[in-house]
Amino acid sequence: MDLCPQQPPLFTFGVIADVQYADIDDGFNFTRTRKRYYRSSLQLLKNALKSWSESAVKPDFILQLGDLIDGFNKLHGASQRALDTVLREFGSCPAKVHHVWGNHEFYNFSRSELMRSPLDSSLYADWRPRGVPGEDDIYAYQFSPFPGFTFVVLDAYDVSLLGRLQSNKQYNNAMNLIRLYNKNEDLNCPPGLQCHSRFTMFNGGFSQEQLDWLDSVLSVADEKQERVTIVSHLPVHPDCTDSVCLAWNHDDLLAMIRSHSCVVCYMAGHAHNGGYCLDKDTGVHHLTVDGVIETHPDSDAYGTVSVYPDRMVLRGNGKIMDRVFLFS
């Protein structure tokens with residue numbers, strides 16, 4: 001398949017996921033099966049930003065798919081310092097950065113703190129959900145980088161135990177939901193049944209309010225015959241990730257996508273070993289981007305996507321594979 005069509009792209013963008021920087025020694029994942037390079041992740045981020053800055057065709061924007069700093073920073077009282085360190089590197093970036101929020105953002109900061117931080121990139125939004133009075137805002141928005149193309153940032157922790165006070169109604173609703181499936185004392189331990197393994201504290205889901213808003217966005221895009229790419233931290237297709245990394249109500253979001261003709265791609269992070277599948281019923285590409293945190297210091301984990309009228313072409317670096325996403 002031709003990775004490089006003859007015509008120039010309509011626009012390009014960069015993708016990177018799960019940097020999880022912390023100024024601590026290397027460690028391992030939760031199951032102690034894969035090594036994590038906490039300090040070195042900063043250099044791999046620098047590599048990506050340097051490449052994008054020096055590229056002949058500079059990206060129009062960057063998708064940072066969540067977990068920018070690691071939760072260990074909170075334990076060391078270093079959350080703000082780590083965030084400042086990483087954001088300082090983004091200061092040299094030639095493009096707008098769209099930040100997605102993952103579980104590690106919420107390990108370090110409350111939802112209200114994130115809403116007031118540089119990680120709130122909704123200032124670039126063309127449209128976002130209206131807040132519900134008395135409740136924390138949903139961090140979701142859509143933007144159009146080029147005529148005929150729309151990107152939607154979704155909040156995968158809208159329904160979650162993370163980032164909210166325990167007295168919060170939304171926290172209690174999330175607790176009631178997770179307890180239906182997870183009886184473990186430690187809610188970071190997955191339930192025994194694989195079909196329920198996603199119901200852990202490090203995952204979350206999409207509220208009905210957010211899904212209703214997404215339905216409105218996609219309906220407009222259908223009418224305009226636009227191409228829509230959805231981005232969030234949590235994967236939603238079982239064939240592009242381990243079941244333990246799926247959003248709680250991934251099936252609701254999949255049903256929403258399948259009810260519209262405009263969606264061409266869904267991009268996520270969270271599962272550090274990456275993944276890909278094509279939903280053959282809809283032609284939607286589901287990409288899980290490999291995490292920087294578990295990438296050896298001698299390698300890389302970022303990609304640049306060139307968008308054409310009939311396809312998107314991902315040029316990967318290091319662990320990330322080249323891929324072509326044809327529009328159906």
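A polar contact of 2.6 Å joins the side chains of Asp 120 and Ser 122. The model is predicted. Asp 120 sits in the loop that runs between α5 (111-115) and β6 (141-146). Is Asp 120 buried or exposed? Asp 120 is buried because its relative accessible area is 15%, and buried means under 20%. Leaving aside residues up to four places away in sequence, Asp 120 touches Trp 101, Leu 114, Met 115, Arg 128 and Tyr 139. Asp 120 and His 98 are 22 residues apart along the chain, and their C-alpha atoms are separated by 8.3 Å.

**The sheet with β12**

Leu 63 stands opposite His 98 in β5. Strand β4 (residues 61-64) pairs with β5 in the parallel sense, over 4 bridges. In what order do the 6 strands of this open sheet lie? The order is β5-β4-β1-β12-β13-β14, and the pairing is mixed. The edge strands are β5 (96-99) and β14 (323-326), each of which pairs on one side only. On average, neighbouring strands of this sheet are turned by 20° against each other, direction ignored.

β1 and β12 run antiparallel, joined by 5 bridges. Here Phe 11 has Val 307 in β12 as its bridge partner. β12 and strand β13 (residues 311-318) also run antiparallel, with 8 bridges joining them. Tyr 302 has Asn 317 in β13 as its bridge partner. β12 and β13 form a hairpin, with 2 residues between them.

β12 is mostly covered, with 8 of its 8 residues buried. Ala 301, Gly 303, Val 305 and Val 307 point one way from the strand. Tyr 302, Thr 304, Ser 306 and Tyr 308 point the other way. In a regular strand the side chains alternate between the two faces of the sheet. Helix α1 (residues 40-54) lies across β1 (11-16), β4 and β12 (301-308). The helix runs at about 30° to β12.

Another open sheet has 6 strands in the order β6-β7-β8-β9-β11-β10. Its pairing is mixed. The edge strands here are β6 and β10 (275-279), each pairing on one side only. Neighbouring strands are turned by 15° against each other on average, direction ignored. Within this sheet, strand β9 (residues 263-268) and strand β11 (residues 284-288) pair in the parallel sense over 4 bridges. Tyr 266 stands opposite His 286 in β11.

**Aromatic pairs and the core**

A search of the whole structure finds 23 aromatic pairs. One of them joins Phe 11 and Phe 149. The pair is edge-to-face, 5.4 Å centre to centre, with 75° between the planes. It links distant parts of the chain: Phe 11 is in strand β1, Phe 149 is in strand β7 (residues 149-153), and they are 138 residues apart. Phe 11 has a relative accessible area of 3%, and Phe 149 has 7% relative accessibility.

In soluble globular proteins, nonpolar side chains tend to be buried together. The largest nonpolar core has 84 residues. Which of them touch the most other members? They are Phe 13, Leu 63, Leu 253 and Met 267. Not counting residues up to four places away in sequence, Leu 63 touches Phe 13, Gly 14, Val 15, Ile 16, His 98, Phe 143, Phe 151, Val 231 and Met 267. Apart from this core lies another, of 8 residues, among them Tyr 171, Ile 178, Leu 187 and Phe 199.

His 233 is in the loop between β8 (227-231) and α8 (250-258). Why does His 233 count as buried? His 233 counts as buried because its relative accessibility is 0%, and the cut-off is under 20%. His 233 and Asp 155 are 78 residues apart in sequence and 7.8 Å apart in space, C-alpha to C-alpha. The side chain of His 233 makes a polar contact with the side chain of Asp 67, and another joins the side chains of His 233 and Asn 103.

| Side chain | Partner side chain | Polar contact |
|---|---|---|
| Asp 120 | Ser 122 | 2.6 Å |
| His 233 | Asp 67 | 3.2 Å |
| His 233 | Asn 103 | 3.3 Å |

Note on methods
Residues numbered from 1 in each chain as written. Predicted model: local features only at pLDDT ≥ 70, side-chain atom pairs only at ≥ 80, totals over all residues. Heavy atoms only, no water. Pairing = 2+ DSSP bridges. Axes fitted to C-alpha atoms, helices over the stretch in contact; angles between N-to-C directions. Contact = heavy atoms within 4.5 Å. Core = buried A, V, L, I, M, F, W, Y, C linked by side-chain atoms within 4.5 Å. Buried < 20%, exposed > 50% of the residue type's maximum accessible area, 1.4 Å probe, protein only. Polar contact = N/O pair within 3.5 Å; in protein donor to acceptor, adjacent residues only side chain to side chain. Phe/Tyr/Trp six-rings, centres within 6.5 Å; stacked < 30°, edge-to-face > 60°.
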